[in-house]
Every structure is written in C-alpha cells, then in structure tokens.
Amino acid sequence: QVQLVESGGGLVQAGGSLRLSCAASGRTFSSYAMGWYRQAPGKQRELVAIITNSGNINYADSVKGRFTISRDNANNTVVLQMNSLKPEDTAVYYCNARRTIAPTLFNYWGQGTQVTVSS
C-alpha cells in the first residue's frame, strides 16, 4: 500500500510558476513509476508528466519546455516544477504511483491539489 499526499497548489497569474510536491509512504517508492495527472472541469483526467523507476521521463506535448518532473528516492518525493503557466493549465493535479508485478497492477492516487492560473 502506498499513500500519496500532494502539496503546493494555489492561485497564480499567467506566466508565473508553481512547484507541486508529492510525498509517498512505503519502503518501495523507488520501484514505482511516478506521474502527475490533471483534470479540468468537464474534462477527462490526462497525463502531464511521468518518471519511471529507471528515470525515463515523458511529458504531455502541452507542457513540454515549461514543466519539469523529478524524483528523490531517498526522501520518497516527486516534484513537478511548473513554469510559464497558462490559464489552460488550471486543473486539479493528482500524483500517481504505478507498478506492475505480473499479473497485478498496483496503482495509487493522491487526493489532488488545485492549480488555478488567472489571465
């Protein structure tokens, strides 16, 4: 079982920055792929960025060059640095931990943190 707690959301003007953190419980954090997802009102949840247990990173096209994901396995944290924020980045942001031990997928979500970007 993994528990995820996000922090760092808030209200920011367009062009500003926010730093989201996700603290994870458990002793096997380094084995999980960690991701940030977001869900805007009336829209489906979408992937923002993911970092695998081996350090491979992928970003949604909409955030490439503006957002940076990183992880600290020693402290069980994953961070999403968001720069040059746009109003369309407004959403609830969720931390995700995912690991497959065949045939079982272990998939955990945080409670979400609101990010609001004003124009």
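Author: A nonpolar core here means a set of buried Ala, Val, Leu, Ile, Met, Phe, Trp, Tyr and Cys residues joined through side-chain atoms within 4.5 Å. Please keep in mind that this is a predicted model.

Reader: OK, how many residues does the largest nonpolar core have, and which have the most contacts inside it?

Author: The largest nonpolar core has 30 residues, and those with the most contacts inside it are Leu4, Met34, Trp36, Leu80, Met82 and Tyr93. At least two residues of this core come from each of the strands E3 (18–24), E4, E5 (46–51), E7 (67–72), E8 (77–82), E9 and E11.

Reader: Take Leu80, then; what is it in contact with, leaving aside its neighbours within four places in sequence?

Author: With those neighbours set aside, Leu80 is in contact with Leu18, Arg19, Leu20, Trp36, Val48, Ala49, Phe67, Thr68, Ile69 and Tyr93.

Reader: Changing topic to E9: which strands does E9 pair with?

Author: Strand E9 (residues 91–101) pairs with strand E4 (residues 33–39) in the antiparallel sense over seven bridges, and Met34 stands opposite Ala97 there. E9 also pairs in the antiparallel sense with strand E11 (residues 113–118), over three bridges, where Ala91 stands opposite Val115. A further antiparallel pairing, over six bridges, joins E9 to strand E10 (residues 104–109).

Reader: And how many residues lie between E9 and E10 in the hairpin?

Author: Two residues lie between E9 and E10 in that hairpin, and Ile101 stands opposite Thr104 in E10.

Reader: Now the rings. How many aromatic pairs does a search of the whole structure find?

Author: The search finds three aromatic pairs. In one of them, the rings of Tyr37 and Trp109 have their centres 5.0 Å apart and their planes at 70 degrees, so the pair is edge-to-face. Because Tyr37 lies in strand E4 and Trp109 in strand E10, this pair ties together parts that are 72 residues apart in sequence.

Reader: Is Tyr37 buried or exposed, and what about Trp109?

Author: Tyr37 is buried, since its relative accessible area is 10%, whereas Trp109 counts as partly exposed at 34% relative accessibility.

Reader: Which residues form the aromatic cluster, and where does the charged end of Arg45 sit?

Author: Tyr37, Tyr94 and Trp109 form one aromatic cluster. The charged end of Arg45 sits over the ring of Tyr94, 3.7 Å from its centre, and also over the ring of Trp109, 4.5 Å from that ring's centre.

Terms used. Residues are numbered from 1 along each chain as its sequence is written. This is a predicted model: local features need pLDDT of at least 70, side-chain atom pairs count only at pLDDT 80 or more; totals for chains, interfaces and linings use all residues. Side-chain values use heavy atoms; hydrogens and water are left out. Two strands pair if DSSP finds at least two bridges between them. Helices (H or I, at least four residues) and strands (E, at least two) are DSSP runs, numbered from the N terminus. Rings of Phe, Tyr and Trp (its six-membered ring) pair if their centres lie within 6.5 Å; planes under 30 degrees apart count as stacked, over 60 as edge-to-face and the rest as tilted. Buried means under 20% relative accessible area, exposed over 50%, partly exposed in between (1.4 Å probe, protein chains only). A charge sits over a ring if NZ of Lys or CZ of Arg is within 6 Å of the ring centre and within 35 degrees of the ring normal. Contact means heavy atoms within 4.5 Å.
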